[in-house]
Each structure stands twice: as structure tokens, then as C-alpha cells.
Amino acid sequence: MRVSEETLRALRALDTPTVSNAIESFGVRPRTMGHADARIRCMFPELGAAVGWAVTFTTGEFAPGERRGQGARIRLYEAVERAPKPCILVQQDTGSRPLSACFWGEVMSNLFRRLGAEGVVLDGVVRDTEAMRAAGFKTWAAGVTPSRGDVRVAEVNAPVCVGGMAVLPGDLIHADPNGALVVPGEIAAEVPAAASKIMDREAGMLEFFRSPEFSIEELRKRYYS
């Protein structure tokens, strides 16, 4: 389900905790679902938030002696080029060494930027971090490694699960220094307004916490009665 450019801009201006709280208010999924856990961290916080449509893929490593066909890798390039923009790669490493085999570095980040991708969320590792930062490629990953290993692209635009976050091709992803989550398409257009109400409520709470009127009894009356 696509949303307007105005909605995308509004979502980009929000942080992921506020987006998460806004999604909760609609009751469309359990609070424990829809977001990546602490295994997935923002590599370049200074690059800011990423909002876009998911292009999903899985990776592994070539087995010893396996023919190194690159058809799946080319299909991935084509999928990103065709995808609605902005788009975000979401990669699940299903190989035997997901924290060793490295697909992302200077070359891949620059290539996928050229193809129109804003960034990537993955449960594997990256390298060439300074070059990736210089390319402006927004990245959420499990860590870094110096070696590329022997990576093979497996499936393109298949369901994936990254850090406990289930993602389908075309899902709307919101990610920032706090982490990454899926914005349900059926409520995406309503999330900014819901987030605004939440921020107003929280601003009032913070003002009260700092005021001379603060007490546990007053807190109970205002928010827990």
C-alpha cells in the first residue's frame, strides 16, 4: 500500500520510538512485533532517518567447489532499480556464518546508492565503514568485519526476518539511530497525526514533572486514576 510524498516527509521528521508509540495506538499488532531488536544497530547515526519501501533478499556463502553463478545478484540489482523510491534494502543472512560473510562495503554501498537505494537493514556485518559513511549509505547492521567472506545472494524479494522483525517485499520501513521498524501500510497515512498527539501528551507530562506541583499523589490523579 503506497502513501503520499507528504506522509513520507512527515514520517521522516519523526523518531522511531514516537512512530512505534503511534502504531501501538491503532492496535494493529502486538507491541512485541514489528521492530528489530538490539542485535541491529545504527552504524551512522549522523546520517539521520531512513524511510522507504523494502526490497528484501537473503544471503549465504558459496560452498567449497560451488559454481559461482551471479544470476541472483543481478536480479537483486534489477529489483532495486525497479522498486518504488525511496527504497531500503532488508537483508537476512541465512548462511552458516552470518557474522563473518560481508556483502556491504564501499563498492556495494556506492552501487546501490546509484541504483536508488537509501540504505540497508541487515542481520549480518559490513566493512569499509568510513567509505560507506562518505557515500551517505544509511546502514543498520549487527557489526563489522574486515573480510568479505564468500557471499552469495540467495533469494530476492522473499519474506525475511531481521533481528526479529518480519519484513515482506514492499513493506514501509522507518529507521533512525534508535533502530528500525515496519510501518503497517493500512495506517501509515494516519501515523503522523497520531504521533503529534502523543508528542503533545508527553510534552505536557514533562512540563508537569519539572513543575512545583509535581508529587506522586498528583501523578496518580493525572495519569493513573
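**Exercise 1.** In which strand does V160 lie, and is V160 buried or exposed?

*Solution.* This is a predicted model, in which local features need pLDDT of at least 70 and side-chain atom pairs count only at pLDDT 80 or more, while totals for chains, interfaces and linings use all residues. Residues are numbered from 1 along each chain as its sequence is written, and side-chain values use heavy atoms, with hydrogens and water left out. V160 lies in strand 10 (residues 160-162), where helices (H or I, at least four residues) and strands (E, at least two) are DSSP runs numbered from the N terminus. Buried means under 20% relative accessible area, exposed over 50%, and partly exposed in between (1.4 Å probe, protein chains only). V160 counts as buried because its relative accessibility is 5%.

**Exercise 2.** Explain why the buried residues of helix 2 lie on the same side.

*Solution.* In helix 2 (residues 16-24), the residues T16, T18, V19, A22 and I23 are buried. They lie on the same side of helix 2 because they cover an arc of only 160° around the axis, the arc being that of the directions from the helix axis to the C-beta atoms. What covers them includes strand 12 (172-176), strand 13 (179-183) and helix 6 (191-210).

Key: Contact means heavy atoms within 4.5 Å.
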